[in-house]
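Subject: A structure for you to explore

Hi,

Here is the structure I promised to pass on to you.

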Amino acid sequence: MAAILSCHHSASPANPSKFISHSIPTNRTRFSISHKQFGTRSSSPLPIKCQIQNRQKGKSFSIKECAISIALAVGLVTGVPALEWSSNAYAANPVLPDLSVLISGPPIKDPGALLRYALPINNKAIREVQKPLEDITESLKVAGVKALDSVERNLRQASRALKQGKALIVSGLAESKKDHGVELLGKLEAGMDELQQIVEDRNRDGVAEKQKELLQYVGGVEEDMVDGFPYEVPEEYQSMPLLKGRATVDMKVKVKDNPSLTDCVFRIVLDGYNAPVTAGNFVDLVERHFYDGMEIQRADGFVVQTGDPEGPAEGFIDPSTEKTRTIPLEITVEGEKLPFYGSTLEELGLYKAQTKLPFNAFGTMAMARDEFENNSASSQIFWLLKESELTPSNSNILDGRYAVFGYVTQNEDFLADLKVGDVIESIQVVSGLENLANPSYKIAG
């Protein structure tokens, strides 16, 4: 099992829901949306103010461009009807969809579950084991030992699915990983028996930790079903650093001026299956120690952001070219075999599409970029703090517009405690470095 990382603290993490001023993460330009409260569809008009702070002299944006960000936010909260903007307002000519087409069922918010469902596999049998084990989380919301009755039903369903579908699960394992996958299945079966004993002993406190262990086995089996990298990255991006699989990094942050938290290590899983260019770019920068010693540069209750180096550059300057290295906007949606590049889902007209890596979890990790330049991301990254009124899961203004490439899977709650000026002491790859293709850090400083 993976080691549990700790944060040194003496108080509970801050509650991110108390913040009420949000802005969309960008590089040079920040679009700020502030409000006092959100109403229902039948409430009075929502007081929203949009402010533009431009760090690049001589560059400005029109009121209409600013209004697009407002319209997106208002549409998601108050259900404003679809609007069409002329090409004079915005070159992509986006159409704002109705709220109803953006919501499709209860969202999955757990980062581990999101990563499991994002794997490029199609094995119904293992999913039928996974789902009831994940449902234990909901069962545990029932007060007292009464929750154990629901947990037992979940466990029976998962055990039955494993027994009936084991042959199909084994047949779905990649040949080179079959032995390891079968070993994990054995551990999963034994772990289910142990959880059954925990339930029979009415030991409610022991359920969550055992559930986590079982889901790690399930995730391992599912990863053993992936046989190599499933597609070819478009030719124009094939020479870039590419993460062809997954990698895990630990980010150690030194916290200043906070008596309740001194330092913390965040475990982050990077998904190169769905964002190979974006995740590869980040791992390459990590191996260059680009982020080591860098401060947290934004922490406003909406996002935590960093990655802007000292000096006039807004991103990483590649020493081999002496120019800023930028990467394309990269978004994978359900039902597609490879990502879309260079366009938002709005621009593609894919309003009903569900992203494979959605902004559903607290600690969703993505690339910051210029609001009106899709392919301008370089080194600036941000983590979304949920739940936010502007970003309800499965119906937010970020999915399909910014490239998600990972999730914080341990200590994510402590992201809300970070402040501007806190220092990233180090980011280290702890697994998956072998999945990085075309690493530029091995070629030049």
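Let's start with a charge and a ring: the charged end of R369 lies over the ring of Y402, at 4.8 Å from the ring's centre. Please keep in mind that this is a predicted model, so everything below is computed from it.

Searching the whole structure turns up nine aromatic pairs. To describe a pair of aromatic rings, we use the distance of the centres and the angle of the planes.

Take F229 and Y273. Their ring centres are 6.4 Å apart and their planes make an angle of 15°, which is under the 30 degrees needed, so this pair is stacked. F229 is in the loop between α6 (207-223) and β5 (242-243), while Y273 is in the loop between β7 (261-271) and α7 (276-287). Is Y273 buried or exposed? Y273 is buried, because its relative accessibility is 11% and the cut-off for buried is under 20%.

A second pair is F282 with F405. Here the centres are 5.5 Å apart and the planes are at 55°, so the pair is tilted; that angle falls between the cut-offs of 30 and 60 degrees. This pair also links distant parts of the chain: F282 belongs to helix α7 and F405 to strand β16 (residues 404-410), 123 residues apart. F282 is buried, with a relative accessible area of 0%, and F405 is buried with a value of 0% too. Both take part in a cluster, in which ring pairs link F282, F290, Y291, F316 and F405.

Next, the chain as a whole. Its secondary structure consists of eight helices and 18 strands. Of its 445 residues, 54% are buried. Among contacts with a separation of 6 or more, 73% are between residues 24 or more positions apart. The accessible surface is about 20000 Å², and carbon and sulfur atoms account for 50% of it.

How many cavities of 30 Å³ or more does a search of the whole structure find? The search finds five. The second largest cavity holds about 90 Å³ of space. It is lined by 14 residues, and the closest to its centre are I331, T332, T355, L357 and V404.

Enjoy exploring!

Best wishes

Note on methods
Residues are numbered from 1 along each chain as its sequence is written. This is a predicted model: local features need pLDDT of at least 70, side-chain atom pairs count only at pLDDT 80 or more; totals for chains, interfaces and linings use all residues. Side-chain values use heavy atoms; hydrogens and water are left out. Rings of Phe, Tyr and Trp (its six-membered ring) pair if their centres lie within 6.5 Å; planes under 30 degrees apart count as stacked, over 60 as edge-to-face and the rest as tilted. Helices (H or I, at least four residues) and strands (E, at least two) are DSSP runs, numbered from the N terminus. Buried means under 20% relative accessible area, exposed over 50%, partly exposed in between (1.4 Å probe, protein chains only). A charge sits over a ring if NZ of Lys or CZ of Arg is within 6 Å of the ring centre and within 35 degrees of the ring normal. Contact means heavy atoms within 4.5 Å. Accessible areas come from the Shrake-Rupley method with a 1.4 Å probe; for residues, only the protein chains shown count as cover. On a 1 Å grid over the protein atoms alone, a cavity is a set of points where a 1.4 Å probe fits but cannot get out, and a pocket is an open set with protein on both sides within 12 Å along at least five of seven lines; lining residues have an atom within 4 Å of a point. Grid points are joined across faces, edges and corners, and a volume is the space filled by probe spheres set on the points.
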